[in-house]
Amino acid sequence: MTANCAVIVAKDEEEALILSEEAILKGAQALEFRLDAFPVIPGDLSFLAYGVPSVATLRSPLDEERKEIFLRALASGAKYIDIESDSVLRNQFPKEQVICSYHDFEKTPAEDEILTIFKDLQSSGIPKAAFMVRGPADLLAVWNAASVLRETGSPFILIGMGAAGEITRLRSSDLGSMLNYCALRPELASAPGQITLEESVRLGTDPQVTAVIGYPLTHTSSPEIHNAAFKAAKIPGRYVKIPSAPEELSLIPDVIKKYRITGMNVTIPHKESIIPFLKRVDPLAESAGAVNTIRNSPAALEGYNTDILGIAASLASVDADPKGAEVLIIGAGGAAKAAAAYLKAAGAHLSITNRTHSRAETLARRFGARVVRTGELSPDYTIILNATPAGMSGFEDRSPVPNTIFTKDTVVMDMIYYPEITPLLAAAKAAGVRACINGKTMLIEQAAASFTLWTGIIPDRDVMRKAFEERAA
Ligand code: NAP
């Protein structure tokens with residue numbers, strides 16, 4: 001069984017005792033004391049016998065000095081001492097009291113190499129290795145190596161570090177790792193990707209795990225939004241980021257299966273290229289040619305496009321009915337395609353304008369829409385929808401269409417959510433249009449729809465919106 005091991009980083013014996021008590025009250029089943037974090041190693045190490053198995057870890061001083069401290073730690077009640085694989089001390093203590101550890105902060109090697117590393121570590125004690133996980137291939141290497149190690153029946157500790165490695169901590173029970181290292185408080189995390197003890201206890205040994213894949217996946221507020229929804233719904237669940245390079249996309253079904261991932265969001269650049277790896281695609285997503293949500297259902301991996309539901313909910317929130325309406329879509333990328341698929345199915349008459357005219361023509365052909373050059377637009381539309389980043393923070397600060405196209409009956413939706421009032425919305429407001437809406441509702445609604453697909457539960461949208469706003473602040 002995997003034990004939650006709280007990492008104790010203290011400045012003196014008194015603080016070590018206080019933090020140990022806090023950790024045990026919060027549910028720690030083991031404690032790792034970072035002796036190297038003490039400014040001066042305490043003379044009295046009796047806090048190592050606090051009531052749950054303890055590990056004494058010390059990396060810095062010279063070997064002779066360290067040997068003496070390790071001996072004192074064991075005599076004071078430490079169950080294990082943690083010694084790195086490149087230290088001469090690794091073979092100088094009884095094997096059953098040594099955790100022999102190896103860290104690679106750059107990469108995860110292939111499965112065979114991981115097993116070779118473990119074979120070497122095992123000769124000195126309980127083997128422990130932590131690797132920086134960069135994406136799906138690394139996750140599978142960790143999983144496959146753990147499967148071989150489990151077969152031996154001997155204890156081992158295997159950890160994937162970094163944001164992409166977080167799922168190895170959530171599935172440490174499945175992996176068979178002896179310890180799951182947790183931060184006592186967020187600010188005390190001692191390794192990248194480490195989750196807090198409180199969160200680990202809340203999640204238990206079998207949490208629901210959802211994820212987002214994309215590349216490079218730097219700016220996304222989806223983890224904050226979904227994790228807030230999980231907590232509010234009292235579901236032991238967690239949403240993680242898995243940056244996935246295009247050449248690793250084919251590994252995603254295996255990652256979903258092995259790590260038992262309930263569902264995934266799919267973002268740039270994989271919304272189209274993920275489709276061949278799914279068994280079933282919802283008709284609206286099929287018509288948009290893009291999937292932003294995967295559901296791992298018992299029968300198969302299914303693809304959906306909840307961006308479409310986000311657009312529908314946004315327009316509904318300002319009573320904009322697309323049926324029979326003249327609608328202008330600005331843009332011809334993935335989001336424009338999702339909008340066109342929904343609006344066409346809802347009975348709108350579509351026009352498309354785009355910076356690159358030929359792309360507007362291609363999209364228009366697919367959905368039976370008119371193509372209009374931006375300079376030739378006239379006030380003919382009751383719904384105008386911007387699906388470009390023009391006006392977004394970091395892009396040029398101007399509306400993508402002339403101000404002359406607005407009327408008092410127009411509803412204007414901008415998919416951008418930062419800034420809240422884009423140049424397009426500011427111009428539309430100034431022209432006295434009927435309603436304006438930015439991309440925040442779409443963002444929250446697409447997230448809520450994905451959440452419901454995965455959990456069967458309608459999440460608290462206010463909680464999701466607050467989490468998004470806190471992250472954006
Ligand atoms: P995409 O596939 O890369 O398409 C981008 C589109 O914007 C293309 O039509 C492109 O024109 C056009 N474009 C890019 N830069 C432009 C500029 N400076 N001026 C005018 N047009 C420009 O991206 P996407 O996934 O469709 O996303 C489009 C926008 O929607 C982004 O701002 C994204 O943040 C937003 N979005 C919001 C949500 C939400 O939940 N609120 C969801 C999805 C997307 P060319 O063809 O000429 O390159």
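**View 1. The largest nonpolar core holds 76 residues.** Those with the most contacts inside this core are L35, I81, I242, Y259, M264, I274 and I294. A nonpolar core is a set of buried Ala, Val, Leu, Ile, Met, Phe, Trp, Tyr and Cys residues joined through side-chain atoms within 4.5 Å. Buried means under 20% relative accessible area (1.4 Å probe, protein chains only). Helix α4 (residues 136-152) gives this core its largest share, eight residues. Helices are DSSP runs (H or I, at least four residues), numbered from the N terminus. The model is predicted: local features need pLDDT of at least 70, side-chain atom pairs count only at pLDDT 80 or more, and totals for chains, interfaces and linings use all residues. Residues are numbered from 1 along each chain as its sequence is written, and side-chain values use heavy atoms, without hydrogens and water.

**View 2. Y259 and the residues it touches.** Y259 touches L139, V142, W143, I167, T168, R171 and L175 (heavy atoms within 4.5 Å). Residues up to four places away in sequence are not counted.

**View 3. Another core lies apart from the largest one.**

**View 4. The ligand is surrounded by 21 residues.** Each has a heavy atom within 4 Å of the ligand. The closest are A332, A335, N354, T356 and R359. A polar side-chain atom of N354 lies 2.7 Å from a ligand oxygen atom. For R355, a polar side-chain atom lies 3.0 Å from an oxygen atom of the ligand. Helices α12 (334-345) and α15 (440-455) each give two or more residues to the shell.

Methods: Polar contact = N/O pair within 3.5 Å; in protein donor to acceptor, adjacent residues only side chain to side chain. Buried < 20%, exposed > 50% of the residue type's maximum accessible area, 1.4 Å probe, protein only.
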